[in-house]
Amino acid sequence: MSSTGMERLLRQAREIQDGELSKFCARITKLLQQQDSGAEAVDALQRLLLILSATKYRRKLEQPCMNLLQTTLCSTTAPPQLQLLCAAILREMAPVEGLALTCEQAHNSHTLSLVASVLLAQGDRQNEVGSVGRHALQLLEARPPEGPGPRLLLPVLSKVVSLSPGILPEGSWFPPGSGEGLLWQLAQDRSHLPRCGTLVHLSWLCNGGTVPGPADTQYPLLSSPDVQPKTCPSCPRSPGGPAAPEASGLAALCQHPAGVSAAPWERLLCSSDKPGLVTEVDGSVATDFFTVLSTSQRFTEDQRLNVLVFSMLRTWLLLGLPAGLTAVEADDRSELEGSTQSVLSAASATASRLLPPQQQLRAGAFEYCQRILEQSGRRALRRADSDLQKACLVEAVLLLDLLCRQEPSFLYPTLPCLKALLGRLGGDPKQARTLLPVARFLLSHGEAAAVDSEAVCRHLFTSVPAELFPCPMLAFELVQFCRDSLHILGPGLGLLKPSFPNLLKLLAWHSPALTSEFVVLLPSLVDAGTAVELLHALLDLPCLTAALDLQLRLSPMTSEWPLWDISLRPTSCLEGFRDPHFQPLFQFLLRSKAAGSTLRLAPLYRLLQPLAGCARVFQCAQAVPTLLHAFFSAVPHVADAALMSQLALALLERSGSLFPVPQYEDRVHRVLSTQLLGLCRLRPALVVELARDLLGFAGSVSGIRSQEPMFTAVVWAAGEYLTVAHDRRCTVEQVTRFFEALEALLFEVTQSRRSASPPQCQPQVITVLMTTLTKLASRSQDLIPRVSLLLSKLRTLPVGPGDEDTDAVRTRATELTNLLKMPSVAQFVFSPGPEANSSRFHRDATTALPLALRTVSQLVDRETSLLPA
Amino acid sequence: MVHAFLIHTLRAPNDKDAGFCRVLYSCVFGAEKSPDDPRPNGAERDRLLRKEQILAVARQVESMCQLQQQASGRSSVDLQPPSSSDEPMSLHDAPHGAFRLAAGDPFQEPRTVVWLGMFSLGFALVLDAHENLLLAESTLRLLARLLSDHLRLLAPGTSLLLRADRIEAILTRFLPHGQLLFLNDQFVQGLEKELSTAWPL
């Protein structure tokens, strides 16, 4: 449907009046009461959902209709289509005050799943999350042996723990005196993690009932003596088994390679659901247990559970463990002699049944991950499967990371796997995204992996962004990786910082999505060694975008669609890109590592001018001011005196040398001027040290017009900080030199204003000049007569009709003249000592400041009122 | 976990007459905890906030998509479906991307949004901060493909606005309660077959 059609429909839905809605509700009520309303009811509910969702304001449904929606939702006989719609409608209205729906009304997994979706949308005001969790657990424990129950309920539990980690009662994890806790079950699920799906569902059957199994197998459950055995009805156990609880080591014994004949007792356990032939993604017959990367013509219920459990596993390991687990873990470990050995062997041997449940779960997860690592190396026949392989690989590595953090003994068997993996992935650009979790793993496991982590970080920071910067997802993930890994990078940080030119390529190409990421990341990239170069690189970011555009245009095409704007044909730029004359500049701009020095890129600005108007360059230019602010936020923490003056000089220089993107200069000038003042505030001595450069900058009329904010900032800084109070090195000569230069400038500017030509500079500039001159004069009293003369001329500026600007200038001139009449007050007002900033001066009425201010304002007011009209 | 899934309109960049960005379908999987608000009509305000949150995501996705389209010089023509609907859709070349939402803006928790543009429709998953993005991306592609196949989104005269049951049915199977699933191709085909049986086209 066209967008106008949809728009019309939405408008209709919004415009429905309350009266019409209540009639419609009555119709729905009638339809829902009929047994065979079928398609008509579905259609009506669709419309109701649209009416509700089309507006963000609440619409009231009649109570009978509300009640029937809830009844239909919980009904065991209603068609699923109606139930889905009822749930969607109730969810759309959420949160609903006085909702009658509760978990108690759901007697089967299907209904509870629907009810849960509604209750979890209520915002947990009535502790719905906990209630849903408990009921899902109860149903899982009491579920009928067949059917998709767990498959429907596990995602509910997963959502519950992610909404409220640790909310499930601890008993459900480590049940004192019973063996039916969820973790226990999940630990049992180890069976359906690493094993062929046939055994999966068995662990969910463990409700305390017993079913005789083959006599020759024994399954100890929990090593803790106070935990009573609870056995799965289908779990084989020995009638004369050991006193230890039974039934959880099932998995370890059930070597059930897909396609390989099962042991007799195992066949007994297989459900009637016969799996098809299980193959690997490359088409070969599977010779190991079933995983998400195993394919089959038809999937059994347990294979579906297997998929689900792997999908949820990280959430469980991360959030599902109750708060007190660490202590439990410690106890458990102390019971086992040498935890390293026990868990290590658990991964491959029957010893796992001796382990406590959470360790069994981990051991199972570990084994599963290793199988995934192996499977992800196979060559997938279908594209979707090769995408899935990458996703699985990422998940497996994330899981291994988590497992190793929870159970450090996993680290030693994991490291060689990951090293092998690195060897496989390293050279393949398609696998760049899967390298990120591997790198993170290596980084977070410190010294054990230091060598490899350095190599992989180097790869990630150099060739990956340089070659793959156009991929939006990779760019996002890589930047996120850098951002999230800052605290664990350690020596890697030494690699990251000099790689900023490469990282900026990602930003230059994807500025809308990455700007906020870089605002967080940038401060960490700034250090004394790179700051100046980084500042130049940020200012040249739009130029980098243009250069990357050219680079892509000249490289062989990798995607079906060109990644650049085909409507632009920057022939001259492309020729220039190949021109040996420009080559060094392009190489510098596209460098992958910090060069330690900077090149002036002005020739490139002219060459790349045709690209300055293209959308991507423009977008990037818009991001630069924000990025500059982020950059300067880090400067106070890293910059010493020398660096600050280098930065200030760079600001002065660059304000006149920017890539000519529309509006770019104006925006950047505003930031640069603010930051220059910021630097001076941080280190007032800068003004004295850089007096010559500042004077050079401020002394020319051209600066006033093209770089007004910067000019204003420099003049203001001179007035504010060129004083002995801030730097003892400040001399009368310096003050006089500044005074004379600015005096000439002000004269020139105001003379031109007097003439008929339109005003050439803003009144702000004139007032700043006047104020600065007055400040300087207040410090060197010989200058007072000169500035008074100048000011008196300005007080008599002729006023044009509606010329408020001139009014403002005249007012300021009058104020300043009046102040100068009392030199000692003027000095105090214009150059207050640092103590003037202390709060006492402002609060305490007996101190001099308020008194002085009052006197001054009285003087100023009186004189202003005497202004010639 | 996925916090929310949404489908919304994508207007062509610079098209001033195209109205507003509209959310056509949204599903929040488990709401964030409501603030303790003793004032009356707390529930109503809460719902308003959630609708605004989803709309904020939709608008941001729209502008990300527009900016990306502009940057690669693709005109608004690309936002129209191909004239013959037999043309196979390659979602791998569709505009897509990800961005992050800081905590408190607009959701309580930090979130990552993965989005995909398909002609004039935007699809987005709002994820918990550290989800497996490769999985989320392929899940989003899968959902977009399934929705376009099973709702015949590209055929003229069909609207997803009145077919929420089918969208729900797809989500229940492929994104149950916001749980991203590792589904291989065969598995997807099996689930699709099941879907087609339960919800014939």
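Residues are numbered from 1 along each chain as its sequence is written, and chains are lettered from A and ligands numbered from 1 in the order in which they are written. Because the model is predicted, local features need pLDDT of at least 70 and side-chain atom pairs count only at pLDDT 80 or more, while totals for chains, interfaces and linings use all residues; side-chain values use heavy atoms, with hydrogens and water left out.

**The contact between chains A and B**

- The contact, meaning heavy atoms within 4.5 Å, takes 92 residues from chain A and 78 residues from chain B.
- About 7400 Å² is buried between the two chains, with carbon and sulfur atoms giving 56% of it; buried area is the accessible area (1.4 Å probe) that two parts lose on being put together, summed over both.
- Arg47(B), His177(B) and Phe182(B) supply 11% of the area that chain B buries against chain A, which is more than any other three residues.

**Helix H6 of chain A**

- Helix H6(A) covers residues 109–119, and ten of its eleven residues are buried; helices (H or I, at least four residues) and strands (E, at least two) are DSSP runs, numbered from the N terminus.
- Buried means under 20% relative accessible area, exposed over 50%, and partly exposed in between (1.4 Å probe, protein chains only).
- The buried residues of H6(A), among them Leu112(A), Val115(A) and Ser117(A), pack against helices H4 (63–74), H5 (80–93), H7 (128–141) and H8 (149–163) of chain A.
- At the start of H6(A), a side-chain oxygen of Asn108(A) comes to within 3.1 Å of the backbone nitrogen of His110(A).

**Cavities**

- Six cavities of 30 Å³ or more are found in a search of the whole structure; on a 1 Å grid over the protein atoms alone, a cavity is a set of points where a 1.4 Å probe fits but cannot get out, and a pocket is an open set with protein on both sides within 12 Å along at least five of seven lines, with lining residues having an atom within 4 Å of a point.
- The largest cavity has a volume of about 210 Å³, a volume being the space filled by probe spheres set on the grid points, which are joined across faces, edges and corners.
- Its lining has 19 residues, of which Arg91(A), Ser117(A), Phe29(B), Glu168(B) and His177(B) lie nearest the centre, and H6(A) gives the largest share, four residues.
- The second largest cavity holds about 170 Å³ and is lined by 18 residues, including His536(A), Asp540(A) and Phe588(A), with H25(A) giving the most, three residues.

**The second largest pocket**

- The second largest pocket has a volume of about 1200 Å³, and among its 49 lining residues Arg314(A), Leu318(A), Ala129(B), His130(B) and Glu131(B) lie nearest its centre.
- Helix H16 (383–406) of chain A provides the largest share of this lining, six residues.
- The lining divides into 20 nonpolar, 13 polar and 16 charged residues, where Ala, Val, Leu, Ile, Met, Phe, Trp, Tyr, Cys and Pro count as nonpolar, Asp, Glu, Lys and Arg as charged, and the others, Gly among them, as polar.

**Gln675 of chain A**

- Gln675(A) is found in helix H32 (residues 664–682) of chain A and counts as buried because its relative accessibility is 13%.
- Leaving out residues up to four places away in sequence, Gln675(A) touches His629(A), Phe632(A) and Leu651(A).

Definitions and conventions. A polar contact is a pair of N or O atoms within 3.5 Å; within protein, one must be able to donate a hydrogen and the other to accept it, and residues adjacent in sequence count only if both atoms are side-chain atoms.
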